[in-house]
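Trainee: I've got a model open and I'd like to learn how to read it feature by feature. Can we go through it together?

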Amino acid sequence: MEELTGVRKHWDLVTVVMLSLLLDFLIAYAPESILRKALGLAFVLFFPGYVFITALFPEKRELDNLERLALSFGLSIAIVPLIGLGLNFTPWGIRLTPILVSLTVFNVAFAAIAIYRRGKAVEPWVPWITLERIKKELEWEESSRLDRALTVILIVSIITSIGALAYVISHPKQGEKFTEFYILGPEGKAADYPTKLRAGQEGGVIIGIVNHEGRNVTYYVQIWLVNLTWDNGTNTTVIHEMYPMPGWFNVTLSHVPVNIEGNWTPQFETNYTFRIDRPGKWQVWFLLFKDEQPELPPAPPDGNYAETEAKNLILGAIDGTIQSLKLNVEVVG
């Protein structure tokens with residue numbers, strides 16, 4: 001092999017540093033690119049272990065090529081979680097930007113150490129791949145036909161495993177599908193709810209919905225005024241009064257990815273005001289349905305649905321089979 005000098009002597013380490021910085025650029029400006037996914041795999045599974053091993057063992061005689069390759073993957077798998085564990089005890093936490101910066105700094109720092117130590121080495125190890133060197137490394141000419149076949153099978157198995165791992169990481173399973181459904185006080189905070197009103201006094205809340213279902217969804221919101229008690233003798237909920245409140249609505253929302261990096265932002269919010277004319281302890285139930293809402297039985301003469309099948313909506317909300325929110329309101333005369 002020809003004697004390598006200057007930057008060519010450290011081409012591998014310089015490449016690791018340049019590719020690490022390129023990945024930072026891609027994540028910032030082209031996060032959906034295929035190149036980002038490919039570089040991301042190497043950045044996590046190979047680069048940290050490679051620069052670490054090269055810094056520890058700069059001499060050619062210390063490790064052979066296959067050992068260096070195996071240790072590069074193995075140590076990367078150990079180093080990255082340790083960096084994540086350290087970040088967990090910092091104010092930045094385990095988030096994309098801190099992890100990206102930490103691994104980049106690690107790669108650059110140990111690449112610089114490796115370059116320094118390689119420059120001081122008597123017989124430095126410098127990867128320079130040619131077909132002849134691969135044959136020599138594998139002792140191809142001296143091997144039997146069986147050994148050659150086993151070597152080929154081993155290489156194919158390694159490549160297949162790396163390819164399968166790359167596919168699994170680059171095509172992750174879709175996360176949990178869910179809908180955020182919430183009510184806020186009139187000031188937009190989870191406080192100051194109108195829980196005490198005079199008869200006929202206006203109360204207000206903010207109803208919010210965020211779609212994380214992975215598809216467009218039409219949401220239907222029903223609002224019910226309910227008076228109920230718990231029967232300790234039968235361990236059942238007894239619904240005494242149940243009236244539909246004005247302001248039912250529906251809205252179609254597109255899917256919004258879950259953002260764990262930035263600040264949470266609402267997707268859909270609407271102000272809802274209501275009045276309760278009858279004194280007593282009431283519950284205002286907000287029921288959420290996806291794509292379609294259940295049909296209601298004919299309205300009773302007095303408007304009280306407590307003795308109809310509609311009561312199953314509230315019972316379903318209580319046992320959690322229907323997504324719902326509840327606001328306890330005491331109304332005084």
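Trainee: Is Asp291 buried, partly exposed or exposed, and what is its relative accessible area?

Mentor: Keep in mind that this is a predicted model. Buried means under 20% relative accessible area and exposed means over 50%. Asp291 has a relative accessible area of 39%, so it counts as partly exposed. You'll find Asp291 in the loop between β8 (280-290) and α8 (311-319).

Trainee: What about the backbone there: what is the phi of Asp291?

Mentor: The general idea goes like this: most residues other than glycine have a negative phi. Asp291 has a positive phi, near 70°, and isn't a glycine.

Trainee: Where does Asn235 sit, and is it buried or exposed?

Mentor: Asn235 is in the loop between β4 (217-231) and β5 (236-244). With a relative accessibility of 53%, Asn235 counts as exposed. Its phi is positive too, about 55°, although Asn235 is not a glycine.

Trainee: Now a loop residue at the other end of the scale. Which loop holds Ile276, and is it buried or exposed?

Mentor: Look between β7 and β8 for Ile276. Its relative accessibility is 2%, so Ile276 is buried. To see what surrounds such a residue, list its contacts, leaving out residues up to four places away in sequence: Ile276 touches Arg198, Ala199, Gly200, Gln201, Leu225, Trp282, Val284, Val329 and Val331.

Trainee: Let's do sheets. In what order do the strands of the open sheet with β1 run?

Mentor: As a rule, strands of a sheet pair through backbone hydrogen bonds, either parallel or antiparallel. Here 3 strands make an open sheet, ordered β1-β3-β7, with antiparallel pairing. The edges are β1 (178-184) and β7 (268-275); each has a single partner strand, so one side of each lacks a neighbour in the sheet. Ignoring direction, neighbouring strands of this sheet are turned by 20° against each other on average.

Trainee: How many bridges join β1 to β3?

Mentor: There are 7 bridges between β1 and β3 (residues 202-212), and the two strands run antiparallel. One of the pairings to pick out is Phe178 with its bridge partner His212 in β3.

Trainee: Which residues does the "transmembrane region" annotation cover?

Mentor: The unreviewed UniProt entry annotates residues 13-31, 38-57, 69-89, 96-116 and 149-169 as "transmembrane region". Residues 38-57 are 90% helix and 0% strand, with end C-alpha atoms 27 Å apart. For residues 69-89, the end C-alpha atoms lie 32 Å apart, and the span is 95% helix and 0% strand.

Trainee: Is Thr54 buried or exposed?

Mentor: Thr54, in helix α3 (residues 47-56), is buried, at 2% relative accessibility. A polar atom of its side chain lies 2.7 Å from the backbone oxygen of Tyr50. Not counting residues up to four places away in sequence, Thr54 touches Leu13, Arg68, Ala114, Arg118 and Trp125.

Conventions:
Residues are numbered from 1 along each chain as its sequence is written. This is a predicted model: local features need pLDDT of at least 70, side-chain atom pairs count only at pLDDT 80 or more; totals for chains, interfaces and linings use all residues. Side-chain values use heavy atoms; hydrogens and water are left out. UniProt positions are given in the numbering used here, feature names are shortened, and annotations may be inferred rather than shown by experiment. Helices (H or I, at least four residues) and strands (E, at least two) are DSSP runs, numbered from the N terminus. Two strands pair if DSSP finds at least two bridges between them. Axes are lines fitted to C-alpha atoms, for helices over the stretch in contact, and angles run from 0 to 180 degrees between N-to-C directions. Buried means under 20% relative accessible area, exposed over 50%, partly exposed in between (1.4 Å probe, protein chains only). A polar contact is a pair of N or O atoms within 3.5 Å; within protein, one must be able to donate a hydrogen and the other to accept it, and residues adjacent in sequence count only if both atoms are side-chain atoms. Contact means heavy atoms within 4.5 Å.
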